[in-house]
Amino acid sequence: MSDRPLKELRKNLSAHFCLVPFTTIILEPDGKVGICRNKGDNFPIGHIKDRPFDDLWDIRNSPKAQQWRQEFLDNTPVICHHEVNYRKCHLEYGFNTLADHAELSAKQQGKILRLTANLNGQCNLRCPFCTVWQSPNGNYTEENFWAPARISLFPYLKEIDMLGGEPFIQADTFKLIKEVSNLNPDCQWFFTTNMAWSLSSKVEELLNLIDVKILTVSIDSLVPETYGILRPPAKLPIILRNLEKIVNYNETRKKPFKIAINSLFQKLNWQELPEVVRFTIKNNFALNPILLRVPASSSLLDYSESEKKKILDYYFEKIDSKDLKLITPVIIPLIEELQPIDKAYYYQILRNY
Ligand SMILES: C[S@@+](CC[C@H](N)C(=O)[O-])C[C@H]1O[C@@H](n2cnc3c(N)ncnc32)[C@H](O)[C@@H]1O
Ligand code: SF4
């Protein structure tokens, strides 16, 4: 990842252009092939299971994938209308680092630049809002994945993004680190983890082999009881200890990585957003606040209009005005569901800050 500012990376792109469909391929545990992690695991452009690995290049140019790219090239995104207008994930730094390398055409001819390797669903937690831990394991074998990928994929990747399940309990993660660091030492790595594992010398040695750019830790609550309900069977004090160990290790690295916090807000924990903002600022972590949409019954979007306004008023009161830009992924979708007069009122407040 270059350390150039986002504005410079995006200087030739229109305001609503997203690079992800031009850079990324996601391999899901059940063989689905995706393009963007923010579309969830149920938005495939094709399926690789029971097909030769080299079919990945056809799947990458499936009609759906080409349409997705064409919409961005025409500056009329429909598939990602919601994302570019409200979530604004196309402006996340990590989604723009490959700006200089992306092939900006609907049909891709070059190499795959970024792999999101969700090879297995295996997880040590059972979060009630997540279905990933129920996904299969073991579908990617030496024959159908590792052997062909060593030739046509690993040597050319510029970035690898590990989501899982839980990447740090999966043998395939460690195997991937060993293989890619050997074939392609310049590849840059991104991890998302529940931190429900403790850094061992073995994992430390593996991390020392690679250029880790961002380690994202999912912490949805800083209240032990709430954390315990959202992330069973993990315990918050242990997670915070594990995180501290990672912070200490990071200080010993030649090239330290950025630490980010993913925090998923829903009915059970919405009051905690101001505290999470303070926690991340105090520790110099980046913050990715996410508004839970599925399951719909747990989502803040399920609340009545007056309850949504109560939540917004609470955030505007408790969060320092200079930090409001950090929480737009949570507040904009709430504002968008209000009546026009209320919508105008809250946008006006936002504009004034
Ligand atoms: C599926 S997890 C896998 C990585 C790791 N196990 C973790 O929890 O960070 C990746 C991210 O997806 C988020 N996630 C899980 N279920 C979600 C849902 N229903 N809606 C939005 N994000 C979700 C998690 O909070 C986490 O930050
Ligand atoms: S820790 Fe991550 S993958 Fe595991 S159940 Fe929770 S959100 Fe899903």
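**Figure 1. The shell around ligand 2 in the predicted model.** The shell divides into six nonpolar, three polar and two charged residues. Its members are C123, L125, R126, C127, C130, V132, W133, G164, G165, E166 and N194. Two of these residues, G164 and G165, are joined by a cis peptide bond.

**Figure 2. The shell around ligand 1.** Here 17 residues surround the ligand. The closest are C130, E166, N194, S218 and N262. Of these, C130, E166 and N194 also belong to the residues around ligand 2. By class, the ligand 1 shell has nine nonpolar, seven polar and one charged residues. Two strands, β6 and β8 (258–265), each supply at least two residues of this shell.

**Figure 3. Two cis peptide bonds.** One joins G164 and G165, with omega about 15°. G165 sits in the loop between β5 (159–162) and α6 (171–183). Both glycines are among the residues around ligand 2. Another cis bond joins V294 and P295, and its omega is about 0°. P295 belongs to the loop that runs between β9 (286–291) and α11 (305–318).

**Figure 4. Positive phi at D50 and M195.** Neither residue is a glycine. D50 has phi near 65°. Its loop lies between β3 (46–47) and α2 (56–60). Is D50 buried or exposed? D50 has 9 other C-beta atoms within 10 Å, so it counts as exposed. M195 also has a positive phi, of about 65°. M195 is placed in the loop between β6 (188–193) and α7 (201–207).

**Figure 5. The nonpolar cores.** The largest core holds 53 residues. Which of them touch the most other members? They are I35, L157 and I160. Leaving aside residues up to four places away in sequence, I160 touches L115, A117, V180, C187 and W189. Another core, of 15 residues, lies apart from the largest one. Its members include V277, L292, V330 and L334.

**Figure 6. The open sheet and the β6–β7 pair.** Nine strands form an open sheet with mixed pairing. The strand order is β3-β2-β1-β4-β5-β6-β7-β8-β9. At the edges are β3 and β9, each pairing on one side only. Within the sheet, β6 pairs with β7 (residues 211–218) in the parallel sense, over six bridges. W189 has V212 of β7 as its bridge partner. W189 is also one of the residues that I160 touches.

**Figure 7. The whole chain, for orientation.** The protein has 13 helices and nine strands. Its radius of gyration is 20 Å, close to the 20 Å that the globule rule gives for 353 residues, so the protein is as compact as a globular protein of that length. The C-alpha trace spans about 55 × 50 × 35 Å along its principal axes. Of the 353 residues, 34% count as buried. Among contacts with a separation of 6 or more, 71% come from residues 24 or more positions apart.

Terms used. Residues are numbered from 1 along each chain as its sequence is written. Chains are lettered from A and ligands numbered from 1 in the order in which they are written. This is a predicted model: local features need pLDDT of at least 70, side-chain atom pairs count only at pLDDT 80 or more; totals for chains, interfaces and linings use all residues. Helices (H or I, at least four residues) and strands (E, at least two) are DSSP runs, numbered from the N terminus. A residue is buried if 20 or more other C-beta atoms lie within 10 Å of its own, exposed if 12 or fewer, and partly exposed in between; C-beta atoms are placed from the backbone. A nonpolar core is a set of buried Ala, Val, Leu, Ile, Met, Phe, Trp, Tyr and Cys residues joined through C-beta atoms within 7 Å. Two residues are in contact if their C-beta atoms, placed from the backbone, lie within 7 Å. A residue is near a molecule or strand if its C-beta atom, placed from the backbone, lies within 6 Å of it. Ala, Val, Leu, Ile, Met, Phe, Trp, Tyr, Cys and Pro count as nonpolar, Asp, Glu, Lys and Arg as charged, and the others, Gly among them, as polar. The radius of gyration is taken over C-alpha atoms; the globule rule is 2.2 Å times the number of residues to the power 0.38. Two strands pair if DSSP finds at least two bridges between them.
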